[in-house]
Amino acid sequence: MDRLEGKVALVTGAGSGIGKASSLRFAAEGAAVMCVDLDEASAQGTAAAIAEGGGSSAALRVDVTDQEAVRAACEETVRELGGLDVLYNNAGIGRAAWDATIAVNLSGVSYGLRHGGALMAERGGGSIISTASIAGLVGLVSSRVTEFPPVDGSGAYIAAKHGVVGLTRQFALIYADYGVRVNAIAPGYIRTPLVSETLEDPEAVAYLESLHPLGRLGEPEEIAAAAAFLASDDASFITGITLPVDGGYTAR
Ligand SMILES: NC(=O)c1ccc[n+]([C@@H]2O[C@H](COP(=O)([O-])OP(=O)(O)OC[C@H]3O[C@@H](n4cnc5c(N)ncnc54)[C@H](O)[C@@H]3O)[C@@H](O)[C@H]2O)c1
């Protein structure tokens, strides 16, 4: 498929997991990709993999909690790769204290929506995607606590991801007149380094699998496929939604 031929995409958290799989998928569909990550070497690794496959790419070290750096990365993408048609706000962390979780998982996304969206609006349109989570739609039974008060950060991931769902609706309305579509994806549990600790415990994995009616965890490529769809003109009449890609987790 060449649905993203001639387009330029910026992906945050591009060095690992869902962001890496999505960068590779966007490139496979024809996009030039700016790979952005806090971990510069991993961003460069993804960019190199795209180049090895014959695609066009570049890499930048950016901390998405730094608003000015996010703005500059969007502009650098236009300078270096010639445009900005797709922005995937995907960088995120799990199991951290309250302030850190909100800074990366919510504020980081809002900076992308603010500055990436403004640039796209000026340039005549585009598609923004953000990675929310099933934790943006429901509470997580796997996060029940047994000590009180709950540790710092409890609920921060849920709050941040619910916030991403709200920002997606609001910014879809803000940019609707300017040809910029704004959507989010709500993954179920996906096999990435973010959940590597849990993946080492077979009992925990079996429990998590049982929460997904399809009976298994997801793969990063399955989120990438949804991201490529939302990025492309196949989704031309879709804006303001959060698409669950969760094996049925939120269907019950
Ligand atoms: N894995 C899951 O089960 C799952 C489920 C639902 C949602 N998500 C969300 O998917 C997104 C991607 O997570 P993943 O599972 O691929 O994890 P991952 O740990 O494999 O990748 C996250 C990437 O984000 C980068 N990053 C972290 N903080 C950053 C910052 N401040 N600035 C720039 N980059 C930063 C990391 O270096 C890493 O490369 C996150 O938003 C996460 O919350 C993951």
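**Briefing: the ligand shell and the fold around it**

The shell around the ligand is made up of 13 nonpolar, 14 polar and three charged residues; here Ala, Val, Leu, Ile, Met, Phe, Trp, Tyr, Cys and Pro count as nonpolar, Asp, Glu, Lys and Arg as charged, and the others, Gly among them, as polar. The model is predicted: local features need pLDDT of at least 70, side-chain atom pairs count only at pLDDT 80 or more, and totals for chains, interfaces and linings use all residues. Residues are numbered from 1 along each chain as its sequence is written. The protein contains eight helices and seven strands, taken as DSSP runs numbered from the N terminus (helices: H or I, at least four residues; strands: E, at least two).

**Ligand surroundings**
- Among the 30 residues around the ligand, Gly13, Gly17, Gly92, Thr192 and Leu194 come nearest; a residue is near if its C-beta atom, placed from the backbone, lies within 6 Å.
- Helix H1 (17–28) and helix H4 (98–123) are the elements that give two or more residues to this shell.
- H1 provides the largest share, three residues.

**Overall form**
- The C-alpha trace spans about 50 × 35 × 35 Å along its principal axes.
- Of the 252 residues, 47% count as buried; a residue is buried if 20 or more other C-beta atoms lie within 10 Å of its own, exposed if 12 or fewer, and partly exposed in between, with C-beta atoms placed from the backbone.

**The sheet**
- Seven strands form an open sheet in the order S3-S2-S1-S4-S5-S6-S7, with parallel pairing; two strands pair if DSSP finds at least two bridges between them.
- Strand S3 (57–61) and strand S7 (242–245) stand at the edges with a single partner strand each, so one side of each has no neighbour in the sheet.
- From one strand to the next, the twist averages 20°.
- Strand S1 (residues 8–12) and strand S2 (residues 32–37) run parallel and are joined by five bridges, and Ala9 stands opposite Val33 in S2.
- S6 and S7 also run parallel, joined by four bridges, and Ile185 stands opposite Leu243 in S7.

- Helix H2 (residues 40–52) lies across S2 and S3 and runs at about 180° to S3; axes are lines fitted to C-alpha atoms, for helices over the stretch in contact, and angles run from 0 to 180 degrees between N-to-C directions.
- Helix H5 (residues 156–175) packs on the sheet and touches strand S5 (126–131), strand S6 (180–187) and S7.
- Val164 lies in helix H5 and is buried, with 26 other C-beta atoms within 10 Å.
- Beyond its neighbours within four places in sequence, Val164 is in contact with Leu106, Val109, Ser130, Ala132, Gly136 and Ala184; contact requires C-beta atoms, placed from the backbone, to lie within 7 Å.

**Backbone features in loops**
- The Phe148 to Pro149 peptide bond is cis, with omega near -5°, and Pro149 is found in the loop between S5 and H5.
- Arg95, in the loop between strand S4 (86–89) and H4, has phi near 45°, a positive value in a residue other than glycine.

How values were computed
Contact = placed C-beta atoms within 7 Å.
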